Structures are given as C-alpha cells and as structure tokens.
Amino acid sequence: MPVAIQCRDLRKTYDGKVEAVRGLNLEIQTGECFGLLGPNGAGKTTTIEILEGLLEPTSGEVSIFGHSWRENARQMREWLGISLQETRLSEKLSVRETVELFASFYREPRSSDEVLEQLQLTEKADAWVGKLSGGQRQRLAVATALVCNPKILFLDEPTTGLDPQSRRQLWGIIREFQRAGGTVLLTTHYMDEAERLCDRLAIVDHGQIIADGSPPDLIERLGGHHVVEFAVGARAVGNSDGASLEAWRGLPSVESVREEDGMVALSVKEPHLTIPALLEAVGKQGSELQHLTTRQASLEDVFVRLTGRHLREE
Amino acid sequence: MSVAEQTQIPEKTIPGKRPPRRNRRWSGYRHLLMARMLELKREPEVVFWVFVFPLLLALGLGIAFRNKPAEASSVVIVSAGETREAEPLLQRSPQHALFKIDVLDADAARKGFRLGKYDLVIEPDAGGGLRYRYDPARPESVLARAEVDDALQAAAGRKDVVATSVVTSSEPGSRYIDFLIPGLLGMNLMNSGMWGIGFALVDMRQRKLLKRFVGTPMRRSDFLLALMSSRLVLMIIEIALLLTLGVIVFHMKVLGSLFSILLLGAAGALCFGGVGLVTASRAQKIESVSGLMNLVMMPMWIFSGVFFSYERFPAVIQPLIKALPLTALTDALRTSILEGTPLIHQWPRLLVMFLWGGISFALALRWFRWT
C-alpha cells in the first residue's frame with residue numbers, strides 16, 4: 001500500500017515566538033484511519049491544516065500521495081475532503097444548495113442526493129443551514145467533504161460538542177468511508193473516539209508526537225494492561241512521600257505507580273499476582289484497605305503516564 | 001520529482017448508484033454567484049438598505065425640497081409721519097401680493113426684525129424720506145429690499161426706460177430633485193459596493209468559510225469574480241429602481257442613453273467593489289472593518305457633492321475633490337442623465353474610477369488573507 005500522507009520534521013512558529021509544532025513526523029498508509037490525539041493547544045489543528053495545505057509550515061516537508069503542495073496544489077485539492085474545526089456555513093442557504101456549491105468546485109463530484117442520503121440529511125435537504133441542530137450541522141460539514149469523492153478525509157475534531165447518538169452516527173460514516181478504500185486523518189481529544197475509530201494513533205503534546213502506534217499496542221506498551229486503584233486508611237495517601245509510593249512499586253507485576261485524587265494507581269501486567277501481595281502488604285502495615293478497583297488500562301492512562309496530566313485538563 | 005516517479009494514486013470507489021458527474025470550467029463560478037444572490041435575497045435587511053432605503057431617501061428629500069411658489073416678503077413699517085404714505089403705495093403697487101405688511105412702533109419693529117420675523121424694516125429718514133433697514137447676509141432680506149423699493153418707486157410714478165418682460169422656469173432638469181437622484185445613485189453604489197463586498201468578505205473570513213473554500217479546488221479568481229458579478233446585478237436593479245422613481249414620481253427627464261448610464265453604473269460598482277475588497281483584505285473582525293469602511297467613505301460623503309454641489313468648497317481642494325471616485329461617479333451620472341453627455345466626453349471621470357478600482361484590486365490581490 002502506498003503512503004497517503006507523509007511529513008518530515010514539520011515545524012510551525014507563529015510570529016517568531018509561539019512554537020505550535022516542533023518537529024513532527026508522520027507516515028499514514030492508504031486505507032488507514034489515523035488519529036492525532038492530544039489536549040487542546042497541543043498543535044493538532046496546526047498540524048492538520050499544514051497537511052491540508054492551508055497553512056505554510058515554517059520548515060519541514062509534506063507530501064500527499066507523493067505530491068507536494070508547492071507544485072501541485074490544485075490537483076491535490078481534488079483528492080482531499082476537509083472538515084475544519086468550526087466552519088460556520090452560510091445560514092441562509094439550504095442543505096442541498098450548500099452541498100451543491102461545494103460539489104461545483106470539483107471535477108468529478110458525487111451526486112449530492114446520494115451524499116445527503118448517506119449522511120441522513122435527505123429530510124433536511126431543503127431546510128436552511130441556520131435551522132439545523134449541532135449534530136446535523138456537523139454531518140453537513142462532513143457531507144461537504146464527502147461530496148467531492150475524496151481519497152483522503154481530514155476531520156478536525158469532528159465530534160466535539162455532539163451528543164452521543166450523533167457521535168455514533170459520524171463514526172459509522174467514517175468507517176463506511178474507510179471500508180470503501182478511503183484514508184482518514186482525524187484529530188480528537190476524546191479517548192474513546194480514538195480507541196474505537198483509529199487503526200493507528202499519534203499522541204501529540206506541546207507540538208510533538210510523544211507516542212504512536214495502534215491503540216492496543218500503545219496501551220500495552222505504556223499503560224500496562226490493567227490498572228489497580230486503591231486507598232488505604234490510617235494515613236492519607238495524599239500526604240505520602242515519594243518513598244512510600246515507591247514501596248508499592250515493589251509489588252509483583254507492577255510496572256508503574258502514580259497517585260491520583262487521593263488514591264494510588266498501579267499499572268499492572270497481571271492483577272492476580274499483584275492483588276494478593278497488595279492485601280498482604282496492607283495487612284502488614286496494620287492499616288485498612290478503604291477502596292479497591294481494577295480496570296482495563298485505557299489511552300487516558302497512557303497519556304497520564306506520558307505527561308503526568310489528564311487529556312481534558314486545560 | 002518527475003511525474004513518472006510519483007506514487008501511483010490508488011483508486012477508491014464509493015459504491016454509488018449514479019455515475020460521477022463532470023463539472024465544467026465555470027461551474028464553480030456559477031454556483032458561487034447563485035449562492036451569493038440567494039443569500040442576498042433571503043436577507044431582508046439587505047433588501048431594505050440596498051433597495052428601499054435609497055428610494056425613501058429620494059422621496060423624502062424630493063418632497064422636502066420640491067419647488068414651492070415664492071414666499072411673500074414680510075415687511076414692517078415704523079409708524080411715523082414720513083412713512084404714512086408707504087403702506088397705501090405698496091398696497092397699490094402691481095406686486096402687492098408679494099408683501100406681507102405690518103405697521104408697528106420703532107422698538108417692536110426692530111425686535112421683530114432681529115428675531116427674523118421681518119425681512120425688512122421701513123423707517124423714517126432724517127431727510128424726510130424712507131430708509132430701508134435690511135441684513136445683506138440674509139438673501140430674503142436683500143430680496144425684500146429690492147422688491148419693496150421697486151414697488152414703491154413704480155407706484156409713485158417712476159417710468160421704466162427699458163421695456164422688459166419675464167417668463168418663469170421650473171422645468172424638469174434644473175430642479176433640486178434632478179440634482180439629487182444621480183447623487184443618490186452614486187452614493188448608493190458606493191455604500192452597497194463597499195458593504196456588499198467588504199462586509200461579506202470579513203464575515204466569511206470570521207466564519208472560516210473562506211478557509212474552507214480555499215481547501216477545495218475552487219479558483220480564487222472565480223470567487224472574487226462571483227462577488228463582483230453579484231454587485232453588477234444589484235447595480236442594475238438599484239439604478240432601475242431609482243430612475244423609475246425619478247421619472248414616475250418627480251417627472252424627471254433622462255436625457256442620456258440607458259446603456260451609457262448602466263455602463264457608468266458598472267464602472268462605479270466595480271470601482272467601489274475594488275475599494276471594498278482592499279478595505280476588507282486583512283481585517284479579521286466585523287467591528288474593525290466597519291471602522292475602516294467609514295473612514296474610507298467619510299471624505300466622499302462630505303466632499304463628493306451627493307446632496308449639494310461641491311463647487312462651494314475652496315478652490316484649492318477642488319482638484320482633490322474631483323479625484324475622489326464618488327465625485328467622478330456622481331458627476332458622470334449627473335451629466336449623463338441630465339445633459340445626455342456622451343460617454344466619450346466622460347473619459348476623465350471614467351479614468352478616475354478605473355484607477356481607483358484597478359489599483360485597489362491589485363493591492364487587494366497582494367494583501368488578501370484567505371484564512
């Protein structure tokens with residue numbers, strides 16, 4: 001499979017001061033759904049807009065199917081379907097007029113009716129954009145991207161602010177596009193979205209990729225398979241020093257320890273080895289276990305492990 | 001990298017019921033223009049400000065300044081021995097209908113004059129004759145003095161040595177409304193050109209719609225061309241409405257050919273489209289572009305002679321006034337509509353508009369920010 005999107009050592013500095021992207025490398029294969037995951041302000045939007053050819057990078061190389069924006073921009077635009085973060089389409093045009101308008105820019109667009117049907121907007125075809133709900137507007141934004149029959153779909157935070165049902169609908173549309181052979185690049189700060197939708201992910205923070213791989217691979221490498229969270233009585237863990245946290249690290253099968261909301265969280269490979277030892281250790285201390293849960297590790301754990309912060313924190 | 005070396009681009013097929021259609025070269029332009037016109041049509045404010053407001057303005061001003069019969073001069077006579085003869089003389093004169101006469105004592109007469117109630121005071125003169133007290137800065141006062149003197153002398157038996165006669169003229173073509181309508185046309189083309197282009201662009205930029213458009217293979221020139229074309233369509237409607245109003249309501253006579261009027265209108269619309277484009281080329285917010293627009297239009301509102309002739313401004317600044325695009329446009333429209341001046345004699349004005357529009361457009365292309 002040929003490489004769909006590639007960038008090397010991408011950098012973007014605004015006004016000579018703010019470094020939004022600092023040396024980013026990506027290689028996305030044709031037919032892949034690739035996610036850029038990171039908190040707000042991590043540089044995701046800047047990155048995706050450089051890849052879309054809407055922003056000039058300060059330095060670095062971008063190629064789409066081997067073509068560069070400097071040489072072949074018009075031809076390349078025929079291949080890309082784009083949904084920006086928060087585009088407000090003209091409120092006084094109807095849904096069909098809007099899709100037709102975007103279709104008119106491409107040499108061989110799809111039929112508008114067909115796209116409206118695919119995005120379940122047929123019923124709203126003659127309604128003004130101003131009258132649509134948030135979910136419908138977002139679907140319309142994706143419709144304007146899909147009507148050009150793109151080879152690559154760029155989606156910047158496609159489901160931000162949507163209700164769960166609308167999100168699921170969009171996920172379905174994205175999968176359908178991928179099944180038909182399309183390549184998808186999306187940004188998100190939702191873990192579950194990245195985990196369900198993406199074949200591969202890059203976690204972006206401060207303009208750099210801090211980890212990449214498939215979601216299960218990332219979780220296995222960095223999150224531990226399981227997380228054991230507990231709290232002990234007698235003395236508050238919140239006051240515990242690093243040394244006592246380190247003590248928990250000595251338990252069998254523990255990969256890392258961190259403290260969160262007054263609880264200790266252990267990344268654990270095999271909980272059935274860790275938990276009996278944990279109970280024994282607590283008993284030896286003469287203190288009491290106040291709370292104990294185990295769960296599958298998630299991308300959130302990966303992110304926290306890598307950055308010490310939660311994704312949604314500002 | 002040569003084309004041959006480039007990666008083979010994979011074919012992707014969306015299972016579609018219909019075969020893909022093919023768009024031709026101008027499909028984007030046509031759709032952009034259509035979308036623009038639909039949006040304008042569906043925006044009631046636009047319809048009001050572009051079409052209805054100028055009509056109301058023309059109607060209001062046309063009625064306010066319509067030609068009225070000359071008002072009578074108010075004359076006050078100070079009652080004294082010497083002036084006793086004046087009143088009956090005036091009443092006997094052939095022009096007596098032109099005077100409204102009061103007889104008062106000296107103090108009351110002076111006071112009434114100071115307050116503007118009277119245009120002229122007739123006082124006793126030390127030498128036994130009559131003395132006129134009038135204000136040379138008040139046209140009606142000057143007029144009253146001349147009329148009264150003429151009437152008194154004639155009634156007292158003066159013989160005119162030159163035989164004269166008069167004919168009145170308030171023909172269409174020389175009235176205020178005739179002056180006003182072409183001026184309003186020009187101003188309207190400026191306002192709607194600047195706002196129609198500038199406001200629309202900044203709004204689309206603010207909504208990131210421009211950025212979204214640039215993300216498609218849309219030709220940027222098509223986009224700007226569609227915006228300009230929409231101005232031309234509106235221009236035709238604006239001119240048609242105002243001229244129709246002038247002809248039907250005020251019995252205006254249009255001497256120039258419709259073709260040359262529309263051509264001047266097009267020159268004006270495109271010129272101000274260019275100025276609007278450059279004004280809006282970088283602004284990110286509606287608020288900032290509004291300020292800029294007013295700044296650009298202000299001198300033209302004041303100097304370009306929309307409502308009153310600019311000939312009254314000092315001679316030094318006349319060349320500057322004539323270099324303003326709105327002056328060129330209103331002058332051209334006026335002479336074309338009122339005097340039927342052929343286009344070929346309008347070339348300096350067309351040149352002014354062409355230069356403003358052309359230079360603005362070139363600068364706009366350089367500075368324009370799509371994102």
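Buried residues make up 45% of the 314 residues in chain A; a residue counts as buried if 20 or more other C-beta atoms lie within 10 Å of its own, as exposed if 12 or fewer do, and as partly exposed in between, with C-beta atoms placed from the backbone. This is a predicted model, in which local features need pLDDT of at least 70 and side-chain atom pairs count only at pLDDT 80 or more, while totals for chains, interfaces and linings use all residues. Residues are numbered from 1 along each chain as its sequence is written, and chains are lettered from A and ligands numbered from 1 in the order in which they are written.

Let me stay with chain A. Its secondary structure comprises 11 helices and 13 strands, where helices (H or I, at least four residues) and strands (E, at least two) are DSSP runs numbered from the N terminus. Its C-alpha atoms fill a box of roughly 75 × 45 × 40 Å along the principal axes. Among the contacts in chain A with a separation of 6 or more, 71% join residues 24 or more positions apart; two residues are in contact if their C-beta atoms, placed from the backbone, lie within 7 Å.

How many residues does each chain bring to the contact between them? Chain A gives 38 residues and chain B gives 35 residues. On the side of chain A that touches chain B, helix 2 (69–77) and helix 3 (95–103) each supply at least two residues. The largest share, 4 residues, comes from helix 3 of chain A. By residue type, this side of chain A divides into 14 nonpolar, 10 polar and 14 charged. Here Ala, Val, Leu, Ile, Met, Phe, Trp, Tyr, Cys and Pro count as nonpolar, Asp, Glu, Lys and Arg as charged, and the others, Gly among them, as polar.

I turn now to chain B. It is divided into domain 1 (73–155) and domain 2 (172–367), with bounds from an automatic or database domain assignment. Taken over C-alpha atoms, the centres of the two domains are 51 Å apart.

Two helix pairs in chain B deserve attention. Helix 2 (residues 44–64) of chain B packs against helix 8 (residues 220–250) of chain B at an angle of about 25°, with axes 10 Å apart. Axes are lines fitted to C-alpha atoms, for helices over the stretch in contact, and angles run from 0 to 180 degrees between N-to-C directions. The two helices are therefore roughly parallel, since angles under 35 degrees count as roughly parallel, over 145 as roughly antiparallel, 65 to 115 as roughly perpendicular and the rest as oblique. Their contact divides into 13 nonpolar residues, 1 polar and 1 charged.

In the second pair, the axes of helix 6 (residues 176–206) of chain B and helix 12 (residues 325–339) of chain B come within 9 Å and cross at roughly 140°. Helix 6 of chain B is therefore oblique to helix 12 of chain B. Their contact holds 10 nonpolar, 3 polar and 2 charged residues. Leu185(B) is among the residues of helix 6 in this contact, and Leu333(B) is among those of helix 12.

Is Leu264(B) buried or exposed? Leu264(B) is buried, because 30 other C-beta atoms lie within 10 Å. Leaving aside neighbours within four places in sequence, Leu264(B) is in contact with Ala332(B), Leu333(B) and Ser336(B). The C-alpha atoms of Leu264(B) and Leu185(B), 79 residues apart along the chain, are separated by 11 Å.
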